[in-house]
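Please look over the sequence and the model shown here before reading on.

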Amino acid sequence: MAKHLDDAGPPNAELDEAVAVIGGGVGGLTAALTLQHFGIPVVVFEQATELREVGAGVTITPNAMHALDFLGLGSQIVETAGVAPRYEVCDAEDGRVLELGPPPEEIPHNYGTQYCNVHRADLQTALVEAVRGNDPDCIRLNHRFDQLEQDDNGVTVQFTNGSSYRSSGVVGCDGGVSRVRSVVFGDRDAAYTGQTAYRALVPSNAVPPEVSANPYRVYVGNRKTLVHYELRRGEVMNLVGIAIQPAWQDEGWSIPAALDEFLELFADYHEPVRNLIGAIPADALYKWGLRDRDPLQTWTRGRVTMLGDAAHPFLPFLGQGACCAIEDGVVLGRAVAQAADLVQGFERYEATRKPRANGLQLASRDQGTHHQGMADGGLGPGNTAAARGLFTYNPATVPLATTVGKP
């Protein structure tokens, strides 16, 4: 695609050499698509050998939907997912409604776009198709990042399969346990937060009627929290429960879990919650220990920058991890397109995004410390103190930083 004349900077010859995006998740694909939007060549390197349907639900709030609208995917996502109904925050034990979210018809009026809950695989598929539609050979599978070396003119990336690639710059989008971050900035092990999350998808025909009648609920209290909402226009119910558990050994977010274990942890919760847990199909329950890292204070070093969880790994309590990565991707593409060179583009991207993203990372951490044991208002997806003004952010129009310092 040609650059938009009102959002592109001066001609930049070095951008004729592709930018290497390490990681083919939501953030990396959004960055790649935005760079393509401005006519900047890009190659995405993904460690998986195939792009499979993975994951579960992702909340796409208006701040991230603005980015998808900008990239031409917003209406497709809403058509696939459906508009999110009004959420209810409820007491854990008796189900009393403590807080009501805004009616869905008010969201576009107040924020200019929609709010939906989408299956992560549907979001990733839409991004993959759009990226490949611009360049069928853009995504290279079976490329696990190993090392890199940069000089004044570019970056050479090495992969564990023995191949290498010379690029104008590198965007590290390889998740919370980022190898790029470790190589460029050094890394410390993530700290276990003392909380474990359980997730499952329940087919609609197995969802108890009392849950289907109130499909979008957040239950809080008794040192736990649980959220359920529909995906794919009611085809399936996404369920995530988080409980305090002092010990944890394994790392990973798709560790099989026993249904009895989940039921026992939430035995003191409202009966419809217990019934929904009991409806989880065999071998469909997974768990992961919530781990946390301090915000990365410098995202960029020369021709290498970080994006999404690789820069600011989120705990799930604000529902903004994927949204923030999407924001990052659009702002990065805009910043590179307007910059005199790639290094300046990366620096302007970091200066624009870091205050918001690092701030939301800490806000999500803080929200997690208050979630368990609380049974009063202020815990909904869009109504917490930390989230005030969250939805009004538009990554496609937010002013880019004009003054940056060398990291």
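**Briefing on the predicted model**

Six strands make up an open sheet of mixed pairing, in the order 7-2-1-11-19-18, where strands are DSSP runs of E of at least two residues, helices are runs of H or I of at least four residues, both numbered from the N terminus, and two strands pair if DSSP finds at least two bridges between them. Strand 7 (139–140) and strand 18 (300–301) are the edges, each with a single partner strand, so one side of each has no neighbour in the sheet. This is a predicted model, in which local features need pLDDT of at least 70 and side-chain atom pairs count only at pLDDT 80 or more, while totals for chains, interfaces and linings use all residues. Residues are numbered from 1 along each chain as its sequence is written, and side-chain values use heavy atoms, with hydrogens and water left out.

**Sheet pairing**
- Strand 1 (residues 19–22) and strand 2 (residues 42–45) run parallel and are joined by four bridges.
- I22 stands opposite F45 in strand 2.

**Helix 2**
- Seven of the nine residues of helix 2 (residues 62–70) are buried, so this helix is largely enclosed by the rest of the structure; buried means under 20% relative accessible area, with exposed over 50% and partly exposed in between (1.4 Å probe, protein chains only).
- The buried residues of helix 2 are P62, N63, A64, M65, H66, A67 and L68, and the helix is followed by G72, whose phi is positive, near 85°.

**Residue A284**
- A284 lies in the loop between helix 9 (271–278) and strand 17 (286–292), and is buried, with a relative accessible area of 17%.
- Leaving aside neighbours within four places in sequence, A284 is in contact (heavy atoms within 4.5 Å) with R199, A200 and L201.
- A284 and L259 are 25 residues apart in sequence and, C-alpha to C-alpha, 9.1 Å apart in space.

- Beyond its neighbours within four places in sequence, L123 is in contact with V26, I60, L68, I77, V118 and I326.
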